[in-house]
Each structure stands twice: as C-alpha cells, then as structure tokens.
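Please look over the following structure before reading the notes on its contacts, its helices and its rings.

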Amino acid sequence: MFSSFTFGEWLLAQRLKLSQQYLEKDERSIAQVAELSGFGSESVYRKHFKATFDVSPSQWRATFGGDRQPSAPLNDHG
C-alpha cells in the first residue's frame, strides 16, 4: 500500500531528519546544516524546521545536542 505523501513531502521529511542528525551530532553552524541538508537557504530551512517541530533549529540543538563533536572541514580539497 502506498502512503499519501508526495515526493516533495517525502524529500522535505528526509532533509529535516538529516538536519536533526547534524544538529545533534556536531557543531556546524545552522547555515551549514541547512546547506548540507539540501535546503536552498537558511531562512527556508528555519521556516520548515519550525513549522514541522514547533521549535527553531537552535532550540533543537540546545535540547538534544549534548553529544556534539567538532565538525570536519566542509571542503577536503586542501
């Protein structure tokens, strides 16, 4: 049986799930988390995150990010 999600809704959910992992596991900036999660801009990311979870990405990190590690460089091309 198929779900009633559109591809766009599914993709948004996957991007938000990935962003949660970044917020909880490392110290990248919110802008970097947005970019790495596939959002076109930080403001669009913040809007979708707040609408979905009813907290900001920063609030999520403050609550669930106790196990963060320093982030690796985004560009490994020296």
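Leaving aside its neighbours within four places in sequence, R15 is in contact, meaning heavy atoms within 4.5 Å, with S37, G38 and F39. The model is a predicted one, in which local features need pLDDT of at least 70 and side-chain atom pairs count only at pLDDT 80 or more, while totals for chains, interfaces and linings use all residues. Residues are numbered from 1 along each chain as its sequence is written, and side-chain values use heavy atoms, with hydrogens and water left out.

- R15 belongs to helix α1, where helices (H or I, at least four residues) and strands (E, at least two) are DSSP runs numbered from the N terminus.
- With a relative accessibility of 29%, R15 counts as partly exposed; on this scale buried means under 20% relative accessible area, exposed means over 50%, and partly exposed lies in between, using a 1.4 Å probe and protein chains only.
- Although R15 and S37 are 22 residues apart along the chain, their C-alpha atoms are separated by 5.2 Å.
- G38, one of the residues that R15 contacts, is found in the loop between α2 (30–36) and α3, and its relative accessible area of 34% makes G38 partly exposed.

**The chain as a whole**

- The protein has four helices and zero strands, and when it is read along the sequence the pattern is α-α-α-α.
- Of its 78 residues, 24% count as buried.
- Among contacts between residues at least 6 apart in sequence, 57% join residues at least 24 apart.

- When neighbours within four places in sequence are left aside, S19 is in contact with V33, S37, Y45 and F49.
- The axes of α1 (residues 7–25) and α3 come within 11 Å and cross at roughly 95°; axes here are lines fitted to C-alpha atoms, for helices over the stretch in contact, and angles run from 0 to 180 degrees between N-to-C directions.
- The two helices α1 and α3 are therefore roughly perpendicular to each other, given that angles under 35 degrees count as roughly parallel, over 145 as roughly antiparallel, 65 to 115 as roughly perpendicular and the rest as oblique.
- On the α1 side the residues L12, L16, S19, Q20 and L23 meet Y45, H48, F49, T52 and F53 in α3.
- By class, this contact of α1 with α3 has six nonpolar, four polar and no charged residues, where Ala, Val, Leu, Ile, Met, Phe, Trp, Tyr, Cys and Pro count as nonpolar, Asp, Glu, Lys and Arg as charged, and the others, Gly among them, as polar.

- Helix α3 (residues 42–53) has 12 residues and reaches 16 Å from its first C-alpha to its last, close to the 16 Å expected, the expected span being 1.5 Å times one less than the number of residues.
- Just after α3, D54 takes a positive phi of about 65°, although D54 is not a glycine.
- D54 sits in the loop between α3 and α4, and with a relative accessible area of 59% D54 is exposed.
- Helices α3 and α4 (residues 57–64) pack with their axes 9 Å apart and at an angle of about 60°, and that makes α3 oblique to α4.
- In this contact Y45, R46, F49, K50 and F53 of α3 meet P57, S58, Q59 and W60 of α4, and by class the contact has five nonpolar, two polar and two charged residues.

**Aromatic rings**

- Rings of Phe, Tyr and Trp (its six-membered ring) pair if their centres lie within 6.5 Å, and planes under 30 degrees apart count as stacked, over 60 as edge-to-face and the rest as tilted; by this rule the count comes to seven aromatic pairs.
- In one of these, the rings of F39 and Y45 have their centres 5.0 Å apart and their planes at 50°, so the pair is tilted.
- Both F39 and Y45 are buried.
- Ring pairs link F39, Y45, F49, F53, W60 and F64 into a cluster.
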